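Reader: Hi! I'm new to looking at protein structures. Could you walk me through this one?

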Amino acid sequence: MFGNIDVILLSNSYWLGEDVPCLTYGLRGVIHASIEISSSRPDLHSGVEGGAVSEPLIDMIKILASLVGDDGKVLIPGFYDKLRAVTPAEEKFYDPIIEWLESQKPSTPPSSPPSSSIWANALLNREKDLKRSLMARWRYPTLTVHKIDVSHNNNTIIPRRAQAAVSMRVVPDQEIRDIREQFEGHVQEVFGKLKTDNIITVNIRNTADWWLGDPDTEYFKAAEKVIEELCSFFITLWLSRTYLFYTYLIKQEWGVKPLYIREGGSIPAVRWLERFFDAVAVHLPMGQASDQAHLNNERIRLRNLHAGRRIVKSLLRELSTRDGKRVSVGAGVSPSAEGSN
(Lines give C-alpha, C1' and ligand atoms only; values in the text may rest on other atoms or scores of the structure.)
Protein backbone atom coordinates (compact mmCIF):
# COMPACT_ATOMS: atom_id res chain seq x y z
CA MET A 1 0.00 0.00 0.00
CA PHE A 2 2.78 2.45 0.94
CA GLY A 3 5.61 1.08 -1.19
CA ASN A 4 9.20 1.30 -0.01
CA ILE A 5 9.73 3.79 2.82
CA ASP A 6 13.12 5.37 3.49
CA VAL A 7 12.30 7.67 6.39
CA ILE A 8 9.41 8.26 8.80
CA LEU A 9 8.79 11.91 9.68
CA LEU A 10 6.64 12.81 12.65
CA SER A 11 5.88 15.84 14.78
CA ASN A 12 4.41 15.07 18.16
CA SER A 13 6.09 17.04 20.95
CA TYR A 14 7.59 20.33 22.06
CA TRP A 15 10.73 22.45 22.29
CA LEU A 16 12.59 22.99 25.55
CA GLY A 17 11.81 26.70 25.44
CA GLU A 18 10.06 29.31 23.35
CA ASP A 19 12.46 30.38 20.59
CA VAL A 20 15.04 27.66 19.85
CA PRO A 21 13.88 24.73 17.66
CA CYS A 22 14.67 21.17 18.61
CA LEU A 23 15.05 17.75 17.01
CA THR A 24 13.97 14.80 19.15
CA TYR A 25 16.03 11.62 18.80
CA GLY A 26 14.76 9.54 21.71
CA LEU A 27 11.60 8.62 23.62
CA ARG A 28 11.07 6.52 26.69
CA GLY A 29 8.70 3.57 26.56
CA VAL A 30 5.92 3.06 29.07
CA ILE A 31 4.08 0.30 30.92
CA HIS A 32 0.73 1.24 32.43
CA ALA A 33 -0.44 -1.11 35.17
CA SER A 34 -3.06 -1.35 37.89
CA ILE A 35 -2.98 -3.08 41.26
CA GLU A 36 -6.25 -4.02 42.92
CA ILE A 37 -6.57 -5.32 46.47
CA SER A 38 -10.02 -6.38 47.64
CA SER A 39 -11.82 -8.03 50.53
CA SER A 40 -14.59 -10.59 50.49
CA ARG A 41 -16.44 -8.38 52.97
CA PRO A 42 -18.46 -5.28 52.08
CA ASP A 43 -17.43 -1.72 53.01
CA LEU A 44 -17.27 -1.54 56.78
CA HIS A 45 -17.52 1.10 59.52
CA SER A 46 -14.07 1.73 61.03
CA GLY A 47 -15.55 2.34 64.47
CA VAL A 48 -17.17 -1.08 64.45
CA GLU A 49 -14.73 -3.31 62.51
CA GLY A 50 -11.44 -1.37 62.64
CA GLY A 51 -8.63 -3.56 63.99
CA ALA A 52 -10.57 -6.78 63.49
CA VAL A 53 -10.22 -7.09 59.67
CA SER A 54 -7.52 -6.85 57.02
CA GLU A 55 -7.88 -3.46 55.32
CA PRO A 56 -7.26 -3.36 51.54
CA LEU A 57 -6.06 0.25 51.58
CA ILE A 58 -3.41 -0.45 54.24
CA ASP A 59 -2.20 -3.44 52.22
CA MET A 60 -2.06 -1.23 49.13
CA ILE A 61 0.05 1.40 50.88
CA LYS A 62 2.54 -1.29 51.95
CA ILE A 63 2.78 -2.60 48.38
CA LEU A 64 3.31 0.84 46.86
CA ALA A 65 5.90 1.76 49.49
CA SER A 66 8.00 -1.21 48.33
CA LEU A 67 8.28 0.04 44.74
CA VAL A 68 10.42 3.19 45.06
CA GLY A 69 13.11 4.15 47.57
CA ASP A 70 13.71 7.46 49.32
CA ASP A 71 16.21 8.45 46.59
CA GLY A 72 13.67 7.85 43.82
CA LYS A 73 15.30 4.62 42.67
CA VAL A 74 13.00 1.77 41.68
CA LEU A 75 13.33 -1.11 44.16
CA ILE A 76 12.10 -3.90 41.89
CA PRO A 77 14.89 -6.52 41.63
CA GLY A 78 16.45 -6.60 38.15
CA PHE A 79 14.82 -3.33 37.04
CA TYR A 80 18.14 -1.71 36.05
CA ASP A 81 19.95 -4.82 34.83
CA LYS A 82 19.77 -3.97 31.10
CA LEU A 83 20.09 -0.21 31.37
CA ARG A 84 22.38 1.12 28.62
CA ALA A 85 25.38 3.04 29.93
CA VAL A 86 25.90 6.71 29.06
CA THR A 87 28.55 7.06 26.34
CA PRO A 88 30.81 10.09 25.79
CA ALA A 89 29.10 10.68 22.43
CA GLU A 90 25.68 10.80 24.10
CA GLU A 91 26.91 13.09 26.85
CA LYS A 92 28.12 15.63 24.30
CA PHE A 93 24.54 16.24 23.17
CA TYR A 94 23.80 17.76 26.58
CA ASP A 95 26.52 20.41 26.36
CA PRO A 96 24.76 22.79 23.91
CA ILE A 97 21.51 22.32 25.84
CA ILE A 98 23.15 23.35 29.11
CA GLU A 99 24.85 26.27 27.37
CA TRP A 100 21.50 27.41 26.02
CA LEU A 101 19.78 27.01 29.40
CA GLU A 102 22.53 29.06 31.04
CA SER A 103 21.95 31.83 28.50
CA GLN A 104 18.25 31.90 29.35
CA LYS A 105 18.72 32.73 33.03
CA PRO A 106 17.02 36.01 33.99
CA SER A 107 19.21 38.82 35.31
CA THR A 108 17.05 39.02 38.43
CA PRO A 109 15.60 36.11 40.44
CA PRO A 110 12.02 35.15 39.44
CA SER A 111 9.19 36.17 41.76
CA SER A 112 7.97 32.57 42.03
CA PRO A 113 9.84 29.24 42.13
CA PRO A 114 10.49 27.62 38.72
CA SER A 115 7.98 24.88 37.84
CA SER A 116 10.68 22.61 36.39
CA SER A 117 13.75 21.10 38.07
CA ILE A 118 15.70 21.92 34.90
CA TRP A 119 15.16 25.65 35.29
CA ALA A 120 15.68 25.50 39.05
CA ASN A 121 19.15 24.01 38.57
CA ALA A 122 19.96 26.48 35.79
CA LEU A 123 19.15 29.40 38.07
CA LEU A 124 21.44 27.99 40.75
CA ASN A 125 24.36 27.52 38.34
CA ARG A 126 24.41 23.79 39.05
CA GLU A 127 25.66 22.36 35.77
CA LYS A 128 26.11 18.82 37.09
CA ASP A 129 22.63 18.87 38.63
CA LEU A 130 21.27 20.30 35.39
CA LYS A 131 22.70 17.49 33.29
CA ARG A 132 21.54 14.93 35.84
CA SER A 133 18.05 16.45 35.78
CA LEU A 134 17.89 16.24 31.98
CA MET A 135 19.01 12.62 32.02
CA ALA A 136 16.52 11.76 34.75
CA ARG A 137 13.71 13.17 32.61
CA TRP A 138 14.81 11.66 29.31
CA ARG A 139 17.11 8.64 29.46
CA TYR A 140 16.65 6.92 32.82
CA PRO A 141 13.73 4.64 33.78
CA THR A 142 11.20 5.62 36.44
CA LEU A 143 8.16 4.35 38.30
CA THR A 144 5.24 6.63 39.16
CA VAL A 145 2.14 6.05 41.29
CA HIS A 146 -0.61 8.16 39.74
CA LYS A 147 -3.59 7.62 42.00
CA ILE A 148 -5.42 5.33 44.42
CA ASP A 149 -9.16 4.79 44.09
CA VAL A 150 -11.31 3.20 46.79
CA SER A 151 -14.75 1.59 46.72
CA HIS A 152 -16.26 4.08 49.19
CA ASN A 153 -14.92 7.59 49.74
CA ASN A 154 -15.92 8.36 53.32
CA ASN A 155 -13.73 9.29 56.28
CA THR A 156 -15.31 6.68 58.58
CA ILE A 157 -15.47 3.73 56.17
CA ILE A 158 -13.02 0.88 55.61
CA PRO A 159 -13.24 0.45 51.80
CA ARG A 160 -13.59 -3.13 50.60
CA ARG A 161 -11.45 -2.40 47.54
CA ALA A 162 -8.44 -0.23 46.70
CA GLN A 163 -7.03 0.20 43.20
CA ALA A 164 -3.79 1.97 42.27
CA ALA A 165 -2.65 3.20 38.84
CA VAL A 166 1.08 2.80 38.25
CA SER A 167 3.33 3.48 35.28
CA MET A 168 6.94 2.64 34.50
CA ARG A 169 8.96 4.54 31.90
CA VAL A 170 11.47 2.23 30.23
CA VAL A 171 14.59 3.05 28.23
CA PRO A 172 17.31 1.34 26.15
CA ASP A 173 17.99 -1.58 26.55
CA GLN A 174 15.18 -2.62 28.87
CA GLU A 175 12.73 -5.18 27.54
CA ILE A 176 9.01 -4.61 28.09
CA ARG A 177 8.45 -8.31 28.77
CA ASP A 178 11.20 -8.45 31.41
CA ILE A 179 9.99 -5.35 33.26
CA ARG A 180 6.40 -6.63 33.25
CA GLU A 181 7.44 -9.93 34.77
CA GLN A 182 9.70 -8.28 37.35
CA PHE A 183 6.95 -5.84 38.39
CA GLU A 184 4.26 -8.49 38.72
CA GLY A 185 6.61 -10.88 40.52
CA HIS A 186 7.75 -8.22 43.01
CA VAL A 187 4.19 -7.10 43.83
CA GLN A 188 3.03 -10.68 44.35
CA GLU A 189 6.06 -11.50 46.52
CA VAL A 190 5.56 -8.48 48.80
CA PHE A 191 1.83 -9.17 49.07
CA GLY A 192 2.52 -12.81 49.94
CA LYS A 193 4.49 -11.69 53.00
CA LEU A 194 1.61 -9.64 54.39
CA LYS A 195 -0.61 -11.22 57.00
CA THR A 196 -3.81 -10.43 55.20
CA ASP A 197 -7.09 -12.05 54.21
CA ASN A 198 -7.43 -9.90 51.11
CA ILE A 199 -6.76 -10.86 47.50
CA ILE A 200 -4.65 -9.02 44.92
CA THR A 201 -4.90 -8.63 41.15
CA VAL A 202 -2.21 -7.08 38.93
CA ASN A 203 -3.17 -5.97 35.42
CA ILE A 204 -0.94 -4.58 32.66
CA ARG A 205 -3.15 -2.04 30.89
CA ASN A 206 -0.98 -1.15 27.90
CA THR A 207 2.64 -0.82 26.86
CA ALA A 208 4.78 1.13 24.41
CA ASP A 209 8.41 0.44 23.57
CA TRP A 210 11.19 3.03 23.79
CA TRP A 211 12.68 4.61 20.67
CA LEU A 212 16.20 5.85 20.08
CA GLY A 213 17.19 7.42 16.77
CA ASP A 214 20.62 8.15 15.38
CA PRO A 215 21.27 11.91 15.01
CA ASP A 216 24.19 11.15 12.68
CA THR A 217 21.99 9.74 9.91
CA GLU A 218 21.57 11.72 6.70
CA TYR A 219 17.90 12.32 7.54
CA PHE A 220 18.55 14.03 10.87
CA LYS A 221 21.33 16.04 9.26
CA ALA A 222 18.98 17.10 6.46
CA ALA A 223 16.38 18.22 9.02
CA GLU A 224 19.05 20.16 10.90
CA LYS A 225 20.14 21.85 7.66
CA VAL A 226 16.69 23.07 6.61
CA ILE A 227 15.92 24.38 10.11
CA GLU A 228 19.20 26.26 10.27
CA GLU A 229 19.27 27.54 6.69
CA LEU A 230 15.64 28.30 5.93
CA CYS A 231 16.07 31.84 7.27
CA SER A 232 18.68 32.75 4.64
CA PHE A 233 16.33 31.41 1.96
CA PHE A 234 13.75 34.02 2.87
CA ILE A 235 16.37 36.79 3.16
CA THR A 236 17.41 36.22 -0.45
CA LEU A 237 13.84 35.93 -1.66
CA TRP A 238 12.69 39.23 -0.20
CA LEU A 239 15.76 41.46 -0.60
CA SER A 240 13.98 43.63 -3.13
CA ARG A 241 11.16 44.42 -0.69
CA THR A 242 11.01 47.17 1.90
CA TYR A 243 13.24 46.94 4.95
CA LEU A 244 10.27 46.54 7.31
CA PHE A 245 8.84 43.62 5.37
CA TYR A 246 12.29 42.04 5.12
CA THR A 247 12.80 42.34 8.88
CA TYR A 248 9.40 40.81 9.54
CA LEU A 249 10.07 37.80 7.38
CA ILE A 250 13.50 37.08 8.78
CA LYS A 251 11.90 36.73 12.20
CA GLN A 252 9.34 34.25 10.92
CA GLU A 253 11.91 31.48 10.53
CA TRP A 254 14.41 30.07 12.98
CA GLY A 255 17.77 30.29 11.24
CA VAL A 256 19.56 28.65 14.19
CA LYS A 257 21.03 25.23 14.83
CA PRO A 258 18.41 23.05 16.56
CA LEU A 259 19.04 21.45 19.92
CA TYR A 260 19.10 17.65 19.89
CA ILE A 261 16.91 16.44 22.73
CA ARG A 262 15.22 13.33 24.06
CA GLU A 263 11.71 13.11 25.50
CA GLY A 264 10.53 11.47 28.70
CA GLY A 265 7.14 10.65 27.20
CA SER A 266 6.13 7.81 24.91
CA ILE A 267 4.73 7.46 21.37
CA PRO A 268 3.87 3.79 20.75
CA ALA A 269 3.89 3.92 16.96
CA VAL A 270 7.44 5.19 16.37
CA ARG A 271 9.51 2.07 16.99
CA TRP A 272 6.79 -0.14 15.55
CA LEU A 273 6.82 1.88 12.31
CA GLU A 274 10.62 1.68 12.12
CA ARG A 275 10.47 -2.09 12.39
CA PHE A 276 7.49 -2.50 10.06
CA PHE A 277 8.94 -0.35 7.25
CA ASP A 278 12.61 -1.07 8.01
CA ALA A 279 13.16 2.69 7.94
CA VAL A 280 14.53 5.35 10.29
CA ALA A 281 12.34 7.89 12.07
CA VAL A 282 12.97 11.62 12.47
CA HIS A 283 11.02 13.52 15.10
CA LEU A 284 10.48 17.22 14.34
CA PRO A 285 8.70 18.95 17.25
CA MET A 286 6.92 22.20 16.39
CA GLY A 287 5.38 23.34 19.67
CA GLN A 288 6.79 25.59 22.38
CA ALA A 289 7.39 24.61 25.99
CA SER A 290 4.46 26.86 26.99
CA ASP A 291 1.91 25.02 24.82
CA GLN A 292 0.28 23.45 27.92
CA ALA A 293 0.54 19.81 26.82
CA HIS A 294 -2.52 17.72 27.75
CA LEU A 295 -4.22 20.63 29.56
CA ASN A 296 -7.54 22.23 28.70
CA ASN A 297 -5.86 25.27 27.15
CA GLU A 298 -3.38 23.33 25.00
CA ARG A 299 -2.41 25.29 21.90
CA ILE A 300 0.20 25.81 19.20
CA ARG A 301 1.40 29.23 18.05
CA LEU A 302 0.49 29.98 14.43
CA ARG A 303 4.03 31.13 13.73
CA ASN A 304 5.33 27.72 14.75
CA LEU A 305 2.66 25.89 12.78
CA HIS A 306 3.34 27.77 9.53
CA ALA A 307 7.12 27.64 9.95
CA GLY A 308 6.90 23.92 10.66
CA ARG A 309 4.93 23.38 7.48
CA ARG A 310 7.55 25.23 5.44
CA ILE A 311 10.36 23.28 7.11
CA VAL A 312 8.67 19.99 6.22
CA LYS A 313 8.34 21.10 2.58
CA SER A 314 12.00 22.14 2.48
CA LEU A 315 13.04 18.86 4.09
CA LEU A 316 11.16 16.82 1.51
CA ARG A 317 12.75 18.89 -1.24
CA GLU A 318 16.19 18.44 0.30
CA LEU A 319 15.80 14.67 0.62
CA SER A 320 14.43 14.26 -2.90
CA THR A 321 17.59 15.73 -4.44
CA ARG A 322 20.15 13.80 -2.41
CA ASP A 323 22.42 11.58 -4.50
CA GLY A 324 19.94 11.89 -7.35
CA LYS A 325 17.65 9.31 -5.75
CA ARG A 326 13.99 9.46 -4.93
CA VAL A 327 13.25 9.27 -1.20
CA SER A 328 9.93 7.96 0.12
CA VAL A 329 8.67 9.52 3.34
CA GLY A 330 5.96 8.35 5.69
CA ALA A 331 4.75 11.42 7.58
CA GLY A 332 2.49 11.98 10.54
CA VAL A 333 1.66 15.14 12.52
CA SER A 334 -0.08 15.05 15.88
CA PRO A 335 0.24 18.34 17.81
CA SER A 336 -1.49 16.97 20.91
CA ALA A 337 1.48 15.02 22.25
CA GLU A 338 1.76 11.36 23.18
CA GLY A 339 -0.34 8.51 21.88
CA SER A 340 0.20 6.47 25.03
CA ASN A 341 1.28 9.21 27.46
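Author: Happy to; we can go from the overall picture to the details, and please keep in mind that this is a predicted model.

Reader: Great. How many helices and strands does the chain have?
Author: The chain has 11 helices and 12 strands.

Reader: And what share of the residues counts as buried?
Author: Of the 341 residues in the chain, 43% count as buried. As for contacts, take those between residues at least 6 apart in sequence: 80% of them join residues at least 24 apart.

Reader: Can we zoom in on a strand? How many residues of β2 are buried?
Author: Six of its six residues are buried, so strand β2, residues 22-27, is mostly covered.

Reader: Which strands does β2 pair with?
Author: One partner is β10 (residues 259-263), paired in the parallel sense over five bridges. Another is β9 (residues 211-212), where the pairing is antiparallel and runs over two bridges.

Reader: Nice. Which residue in β10 is the bridge partner of Leu27?
Author: That is Glu263. On the β9 side, Gly26 has Leu212 as its bridge partner.

Reader: Switching topic: which residues of helix α4 are buried?
Author: In α4, residues 94-103, the buried ones are Tyr94, Ile97, Ile98, Trp100 and Leu101. They sit on the same side of α4, because they cover an arc of only 160° around the axis.

Reader: What does the face turned away from the buried side carry?
Author: There you find the exposed residues Glu99 and Ser103.

Reader: What lines the largest one?
Author: Its lining includes Trp15, Cys22, Trp254, Met286 and Ile311. Helix α11 (residues 302-320) gives the most to that lining, with three residues. By class, the lining has nine nonpolar, two polar and no charged residues.

Reader: How does the lining of the second largest cavity divide by class?
Author: That one has six nonpolar, two polar and two charged residues. Among the residues lining the second largest cavity are Arg41, Pro42, Ile158 and Arg160.

Reader: Now the backbone. Which peptide bond is cis, with omega near 5°?
Author: The one from Pro172 to Asp173. Asp173 is in the loop between β7 (161-170) and α7 (176-192).

Reader: Which residues other than glycine have a positive phi?
Author: Asp278 is one of them, with phi near 50°, and Gln292 is another, with phi near 60°.

Reader: Where are those two?
Author: Asp278 lies in the loop between α10 (269-277) and β11 (280-283), while Gln292 is in the loop between β11 and α11.

Reader: Last one: how exposed are they?
Author: Asp278 is exposed, with a relative accessible area of 70%. Gln292 counts as partly exposed, at 32% relative accessibility.

Note on methods. Residues are numbered from 1 along each chain as its sequence is written. This is a predicted model: local features need pLDDT of at least 70, side-chain atom pairs count only at pLDDT 80 or more; totals for chains, interfaces and linings use all residues. Side-chain values use heavy atoms; hydrogens and water are left out. Buried means under 20% relative accessible area, exposed over 50%, partly exposed in between (1.4 Å probe, protein chains only). Helices (H or I, at least four residues) and strands (E, at least two) are DSSP runs, numbered from the N terminus. Two strands pair if DSSP finds at least two bridges between them. On a 1 Å grid over the protein atoms alone, a cavity is a set of points where a 1.4 Å probe fits but cannot get out, and a pocket is an open set with protein on both sides within 12 Å along at least five of seven lines; lining residues have an atom within 4 Å of a point. Ala, Val, Leu, Ile, Met, Phe, Trp, Tyr, Cys and Pro count as nonpolar, Asp, Glu, Lys and Arg as charged, and the others, Gly among them, as polar. The arc is that of the directions from the helix axis to the C-beta atoms. Contact means heavy atoms within 4.5 Å.
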